[in-house]
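Open the structure in your viewer and keep the selection tool ready.

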Amino acid sequence: VAGLVIGGIAIAFAAQKTVENFFGAVSIGVDQPLRVGDFVKAGDVLGTVEKIGLRSTRFRTLDRTLVTIPNGKVADMQIETFAERDRIRLAAVLGVEYGTTAAQMREIVSGIEAVLRAHPKIWPDTVVVAFSGFGASSLDIELMAWFLTTDIGEFRTIRQEVLVGIMEVVEKAGSSFAFPTRTVHLVDSREARPEPR
């Protein structure tokens with residue numbers, strides 16, 4: 001009798017998981033937070049949805065590995081679907097060297113904004129280019145813009161064009177990009193010693 005009870009409990013737990021995964025599949029089918037072929041982030045998994053089954057969903061990661069997650073868990077996850085976005089954001093902080101003058105900074109900021117606004121694939125409603133602060137080894141410029149594309153390959157091409165244009169602006173202004181530096185002050189030990197009496 002005890003064996004039958006234990007066996008019955010085990011079967012009930014197994015059936016519970018099966019039912020949970022089935023209803024998870026139904027929930028995914030109704031809400032459609034993801035579809036086969038979508039590039040998504042589901043929990044800690046980043047990849048392309050390869051198959052949505054009755055029990056589980058399979059994701060192909062960027063490393064080309066296959067991750068299988070039960071549908072019951074997928075239905076409870078926060079899912080970010082990149083396929084649904086209408087544009088792709090570029091956000092960066094550019095650091096120029098501390099030798100840059102105020103006039104050069106104004107020229108660089110206005111030049112970068114002109115490069116962005118001149119590109120036909122940049123969303124013109126919001127373009128942010130601003131001198132944002134004094135970094136540890138650079139003068140920092142905040143940059144944010146949206147590209148009017150949903151294709152990651154096209155995004156990379158446009159991003160390259162924009163970044164090369166930014167390099168030309170900085171070079172033309174007579175400045176350059178900063179890199180981590182450290183200034184060391186040396187003190188002569190003889191100067192630090194008290195004079196003998």
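Accessible areas here come from the Shrake-Rupley method with a 1.4 Å probe; for residues, only the protein chains shown count as cover. This is a predicted model, where local features need pLDDT of at least 70, side-chain atom pairs count only at pLDDT 80 or more, and totals for chains, interfaces and linings use all residues. Residues are numbered from 1 along each chain as its sequence is written, and side-chain values use heavy atoms, with hydrogens and water left out.

Show the surface. The protein chain exposes about 13,200 Å², and carbon and sulfur atoms supply 56% of that area. Of its 197 residues, 30% count as buried (under 20% relative accessible area; exposed is over 50%, partly exposed in between).

Switch to cartoon. You get five helices and eight strands (DSSP runs: H or I of at least four residues, E of at least two, numbered from the N terminus). From the N terminus the order is α-β-β-β-β-α-β-β-α-β-β-α-α.

Now the rings. The chain has four aromatic pairs (Phe, Tyr or Trp, its six-membered ring, with centres within 6.5 Å; planes under 30 degrees apart are stacked, over 60 edge-to-face, the rest tilted).

Select Phe 39 and Phe 82. Their centres lie 5.4 Å apart with 45° between the planes, a tilted pair. Phe 39 sits in strand β1 (residues 39–42), Phe 82 in the loop between β5 (79–81) and β6 (88–96), 43 residues apart. Phe 39 is partly exposed, at 28% relative accessibility.

Next, select Phe 131 and Phe 134. Their planes meet at 80°, so this pair is edge-to-face. Phe 134 is exposed at 65%; Phe 131 is partly exposed at 37%.

Terms used: Buried < 20%, exposed > 50% of the residue type's maximum accessible area, 1.4 Å probe, protein only.
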